[in-house]
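This report looks at spaces and helix contacts in one protein model. The sequence and structure come first, followed by the terms and the findings.

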Amino acid sequence: MNLSKTGQTLYNEISKLSIIDAHEHLPPEKDYLKSEYSGLNFFAGYIQHDLASAGMPIKFKLTMRDPGYRPVSEWWPQMAPYWDRVRHGSYARAAIITARHFYGIDEIDNSTIHKLAAGVMADNSAGLYQRVLKDKCKARVVLSCVNQTDFEETYFRIVPHMDFFSSPTSSLESLGQLVGRNIDTLDDLVNAAVDRIHLLMQSGIVVAIKISSIEYPKSDRDSADAVFNELKTKGCCTTITPLKSYLFDRLIR
C-alpha cells in the first residue's frame, strides 16, 4: 500500500498503540495446542466460507478444523483451485498479511504453501498466544466468546454465549452435567440455564453475555413445553425455536 508522508506517519503512530481484541473464539492455549494443527486450520476462519462460495466442496470444508497432523498433499489440492477466486477478498487479505508478518511469505500459492504449513506447525508450542496476541498484535485484553473459564492467560476475558440450544440436537444432558443435576422439566431447564450463567459470572473473568442476533417469536410456554418434551424423549426435535424463545425470555427476565 502506497501511503503519503502524513499517512505513513499516522500508520506508524497507530501501530504503536495497544488494543482490545474484542472478538475471538479461542480456547485456553493448552487446549488449542492439543489439537496439533498442521496448516489447514490457517484457512479455517471466515475465509473458508468464501472458498465454499467459490465452489470448494462443503464436505471438505467441514473437515478444516479437524485436529491432528494432515500433510499438505492431502488438503491443499482440494483448496487450491478456489484460492485464486477469493484471494483478493478481505478475509484472504488477512491471511496473506499474517503469512507475510509471521512466516515471510508474500504470496500464498503452490510454491509457498509447504513453507506456510511448516511455519504453522513450528508455532504450535507454548507461548503461541503471547507471541501472536501480545507481542505482535499488542493486545492488552482479549475477549473470547467461549463457554469456559479455565484460562491461564491473565489477559483473557470471556463473553459466553447465552444460546444453550444452538441446534435441534442440542443435549439436555450436557447442560445438566455442567450444573450438576438432572433436567426433567421445562422449569428445571430454565433454572439450570440461570445457574450456569451465575457460575460463569462467578469465575471473575466473564465480562459480558453473548446472544444470537435473530428474530425471537413471542415467548409461549405451551409451545416451549412441547418442544422440551420432544427433546427429552427423542433426543432431538423438529424445531428448537419455541424453546429458545421461551428460554431467552426467561433468562432476560
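## Basis

Axes are lines fitted to C-alpha atoms, for helices over the stretch in contact, and angles run from 0 to 180 degrees between N-to-C directions. Helices (H or I, at least four residues) and strands (E, at least two) are DSSP runs, numbered from the N terminus.

The model is predicted: local features need pLDDT of at least 70 and side-chain atom pairs count only at pLDDT 80 or more, while totals for chains, interfaces and linings use all residues. Residues are numbered from 1 along each chain as its sequence is written, and side-chain values use heavy atoms, with hydrogens and water left out.

## Helix α10 and its partners

Helix α11 (residues 221-234) packs with α10 at an angle of about 90°, the axes being 10 Å apart. The two are therefore roughly perpendicular to each other, a term for angles of 65 to 115 degrees; under 35 counts as roughly parallel, over 145 as roughly antiparallel and the rest as oblique. Contact (heavy atoms within 4.5 Å) is made by Leu186, Asp187 and Leu189 of α10 and by Arg221, Ala224, Asp225 and Phe228 of α11. This contact has four nonpolar, no polar and three charged residues. Ala, Val, Leu, Ile, Met, Phe, Trp, Tyr, Cys and Pro count as nonpolar, Asp, Glu, Lys and Arg as charged, and the others, Gly among them, as polar.

Helix α9 (residues 172-179) and helix α10 (residues 186-201) have axes that come within 9 Å and cross at roughly 50°. α9 and α10 are therefore oblique to each other. On the α9 side the contact uses Leu172, Leu175, Leu178 and Val179, and on the α10 side Leu189, Ala192, Ala193, Asp195, Arg196 and Leu199. Eight of these residues are nonpolar, none polar and two charged.

## The largest pocket

On a 1 Å grid over the protein atoms alone, a pocket is an open set of points with protein on both sides within 12 Å along at least five of seven lines, a cavity is a set where a 1.4 Å probe fits but cannot get out, and lining residues have an atom within 4 Å of a point. Points are joined across faces, edges and corners, and a volume is the space filled by probe spheres set on them.

The largest pocket has a volume of about 2000 Å³. It is lined by 42 residues, of which Glu24, Leu26, Thr98, Val132 and Leu133 are the closest to its centre. α6 gives the most to this lining, with eight residues. The lining holds 25 nonpolar, eleven polar and six charged residues.

## Cavities

There are two cavities of 30 Å³ or more. The largest cavity holds about 100 Å³ of space. Eleven residues line it, and Met162, Asp163, Phe164, Lys244 and Phe248 are the closest to its centre.

The second largest cavity has a volume of about 40 Å³. Its lining residues include Tyr37, Asn41, Met64 and Arg70.
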